[in-house]
Amino acid sequence: MTGPAILDEIWDTIEDRVSSPVPGSYTTHILSHRKGIDKALEKVGEEATELILAIKNGEKNSITGEAADLIYHTLLALKAAGVSPSEVYEELRARRKL
């Protein structure tokens, strides 16, 4: 699966891990961490920094992986905050100038 549909698939998995936690699942680990939402936010910050450095240093092979990590952890943070991707999509639509 490619394109935006992969985000929906990942979101569905995140929601599934919340409703049916899986021992050993990374998603379950982050979303049920004792630090609460702070754990997801720490990961967003870490991955954003890693993406910035990969781009700055011209590490073409690392950029896509770091971008994927940032998007994934952003989805986890959104879930922890009770915000759905559809709300973000709507905000993007509202900001779009035609």
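I began with helix α4, which has 22 residues and reaches 32 Å from its first C-alpha to its last, close to the 32 Å expected at 1.5 Å a residue. The expected span is 1.5 Å times one less than the number of residues. Helices here are DSSP runs of H or I with at least four residues, strands are runs of E with at least two, and both are numbered from the N terminus.

I noted that this is a predicted model, in which local features need pLDDT of at least 70 and side-chain atom pairs count only at pLDDT 80 or more, while totals for chains, interfaces and linings use all residues. Residues are numbered from 1 along each chain as its sequence is written, and side-chain values use heavy atoms, with hydrogens and water left out.

**The chain as a whole**

I counted five helices and zero strands, in the order α-α-α-α-α along the sequence. The C-alpha trace spans about 40 × 35 × 25 Å along its principal axes. Of the 98 residues, 23% count as buried; buried means under 20% relative accessible area, exposed over 50%, and partly exposed in between, with a 1.4 Å probe and protein chains only.

**Helix α4 and its surroundings**

I looked up which residues of α4 are buried, and found Glu66, Leu70, Tyr72, His73, Leu75, Leu76, Ala77 and Leu78. These buried residues pack against α1 (5-19), α2 (26-31), α3 and α5 (85-95). Just after α4, Gly82 takes a positive phi of about 75 degrees.

**α3 against α4**

I then turned to α3 and α4 (residues 60-81), which pack at an angle of about 160 degrees with their axes 8 Å apart. Axes are lines fitted to C-alpha atoms, for helices over the stretch in contact, and angles run from 0 to 180 degrees between N-to-C directions. The two helices are therefore roughly antiparallel; angles over 145 degrees count as such, those under 35 as roughly parallel, 65 to 115 as roughly perpendicular and the rest as oblique. The residues of the contact of α3 with α4 divide into 15 nonpolar, three polar and five charged. In this scheme Ala, Val, Leu, Ile, Met, Phe, Trp, Tyr, Cys and Pro are nonpolar, Asp, Glu, Lys and Arg are charged, and the others, Gly among them, are polar.

Within α3 (residues 37-56) I examined Lys43. Is Lys43 buried or exposed? Lys43 counts as buried because its relative accessibility is 14%. Leaving aside neighbours within four places in sequence, Lys43 is in contact with Tyr26, Ile30 and His73, where contact means heavy atoms within 4.5 Å.

**α1 against α4**

I next checked α1 and α4, whose axes come within 11 Å and cross at roughly 45 degrees. That angle makes α1 oblique to α4. On the α1 side the contact is made by Leu7, Ile10, Trp11, Ile14, Glu15 and Val18, and on the α4 side by Ile71, Tyr72, Leu75, Leu76, Leu78 and Lys79. By class, this contact of α1 with α4 has 10 nonpolar, no polar and two charged residues.

Val18 counts as partly exposed because its relative accessibility is 43%. Leaving aside neighbours within four places in sequence, Val18 is in contact with Leu31 and Lys79. Val18 and Ser32 are 14 residues apart in sequence, and their C-alpha atoms are 8.4 Å apart in space.
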